[in-house]
Amino acid sequence: MSEMSTAITLSGGAQIPRYGYGTFRIEDGADVRAAVATALETGYRLVDTAVGYSNETGVGKAISQSGVARGDIFLTSKTWDHGYDEVRRNLNESLERLGTDYLDLYLLHWPRPKVDKYVESWQALLDARSEGLLRSAGVSNFTIDHLARCEAETGTAPEINQVELHPYFSQPELRAWHDEHGVVTESWGPLALRGGGLFDEPAVKTVAEAHGRTPAQVVLRWNLQRGNVVIPKSVTPERIRENWQVLDFALTDADLAQIDALDTGNRQGGDPLEVN
């Protein structure tokens, strides 16, 4: 069975698809409705949005108009605000905008360490999960220290950590900690900056040519075979469909090693210690 059609069981019991569709920087309205509609038609069943993307209303309309049953879609959103009451309010507002009475996954978007309320914010998600408003609860952009503190002070580790992860920044230490503590790794920005050099790397081009695939498909396949949940984003129908076509081939151990060697240890996105 292919990775994309196989779900991962999270520590709270819900199953998340291995492959999904991200909506970062897609404007609300017709743009996001069309993009999500194309993704759902193509076969994606994990849809990721956030309060900070300002497109939850459009995402919700696309889902409701898709003809795909709500129960067949794994819907994720994220809250930027911290503090117990603020998180609960954000969640209620997300549910209203998305037109649903529950979320499959809700995340704290950033730890915001200078605010220093991420533990009580995490507790708010745990309580919402126990009340049935969430099927699963997690975080995004958390470091090992942030995760460990949440687990130590609440007794429960996040079910998933959605982080920047691509061949230039593969986060092996963080992924190892996740594995030890039952936290699933989810990749945002899995293609790095499209056109920013990764697709021109000899290692990626060589592997792509060997398999008769595009560099993007090879990088997405690398992400899957490294055990991550992956959420590529595009607004172009052709690329949405192209990104989906990573089922019928597999990278060899040698392929994976070549791509692993591209890791620079440098982020392209925000630093969790500085985003506040």
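Mentor: A pocket here is an open set of points on a 1 Å grid over the protein atoms alone, with protein on both sides within 12 Å along at least five of seven lines, and its lining residues have an atom within 4 Å of a point. Keep in mind that this is a predicted model.

Trainee: Thanks! Which residues lie nearest the centre of the second largest pocket?

Mentor: This pocket holds about 270 Å³ of space. Its lining counts 16 residues. Nearest its centre lie F169, Q171, E173, L174 and R267.

Trainee: Which element gives the most to the lining of the second largest pocket?

Mentor: Two elements, β8 (160-164) and α6 (172-181), each supply at least two residues of this lining. By class, the lining has seven nonpolar, five polar and four charged residues. The top contributor, with three residues, is α6.

Trainee: How many residues of the lining of the largest pocket are charged?

Mentor: The largest pocket has about 840 Å³ of space. Its lining is made of 31 residues, and F24, R25, W188, G189 and K233 lie nearest its centre. Sorted by class, twelve of the lining residues are nonpolar and 13 are polar, while the number that are charged is six.

Trainee: What is the bridge partner of D48 in β5?

Mentor: Look at strand β4, residues 46-48, and strand β5, residues 74-79. The two are parallel and pair over three bridges. Across from D48, the partner in β5 is T76.

Trainee: And which residue of β6 stands opposite S77?

Mentor: β5 and β6 run parallel and are joined by four bridges. Follow the pairing from S77 into β6 and you reach Y106.

Trainee: Which residues of β6 are buried on the side other than that of L105 and L107?

Mentor: In a regular strand, side chains alternate between the two faces of the sheet. In β6, both faces are covered, with L105 and L107 buried on one side.

Trainee: Is N90 buried or exposed?

Mentor: N90 sits in helix α3, residues 84-98. Setting aside residues up to four places away in sequence, N90 touches V51, T79, W80, D81 and Y106, and its side chain makes a polar contact of 2.7 Å with the side chain of T79. The relative accessible area of N90 is 4%, and the cut-off is under 20%, so N90 is buried.

Trainee: How far from S234 is T76 in space, C-alpha to C-alpha?

Mentor: S234 lies in the loop between β10 and α9 (237-244) and, at 7% relative accessibility, counts as buried. A polar atom of the S234 side chain lies 3.1 Å from the backbone nitrogen of T236, and contacts of S234 beyond four places in sequence are Y21, I26, A35, R239, I240 and N243. In sequence, S234 and T76 are 158 residues apart, while in space their C-alpha distance is 17 Å.

Trainee: Last one! How many of the eleven residues of helix α8 are buried?

Mentor: The buried residues of α8 include W222 and L224. They pack against β9 (184-188), α7 (202-211), β10, α9 and α10 (253-260). Just after α8 comes G227, with a positive phi of about 90 degrees. The helix, residues 215-225, is largely enclosed by the rest of the structure, because the number of its eleven residues that are buried is nine.

Note on methods: Residues are numbered from 1 along each chain as its sequence is written. This is a predicted model: local features need pLDDT of at least 70, side-chain atom pairs count only at pLDDT 80 or more; totals for chains, interfaces and linings use all residues. Side-chain values use heavy atoms; hydrogens and water are left out. Two strands pair if DSSP finds at least two bridges between them. Buried means under 20% relative accessible area, exposed over 50%, partly exposed in between (1.4 Å probe, protein chains only). Contact means heavy atoms within 4.5 Å. A polar contact is a pair of N or O atoms within 3.5 Å; within protein, one must be able to donate a hydrogen and the other to accept it, and residues adjacent in sequence count only if both atoms are side-chain atoms. On a 1 Å grid over the protein atoms alone, a cavity is a set of points where a 1.4 Å probe fits but cannot get out, and a pocket is an open set with protein on both sides within 12 Å along at least five of seven lines; lining residues have an atom within 4 Å of a point. Grid points are joined across faces, edges and corners, and a volume is the space filled by probe spheres set on the points. Ala, Val, Leu, Ile, Met, Phe, Trp, Tyr, Cys and Pro count as nonpolar, Asp, Glu, Lys and Arg as charged, and the others, Gly among them, as polar.
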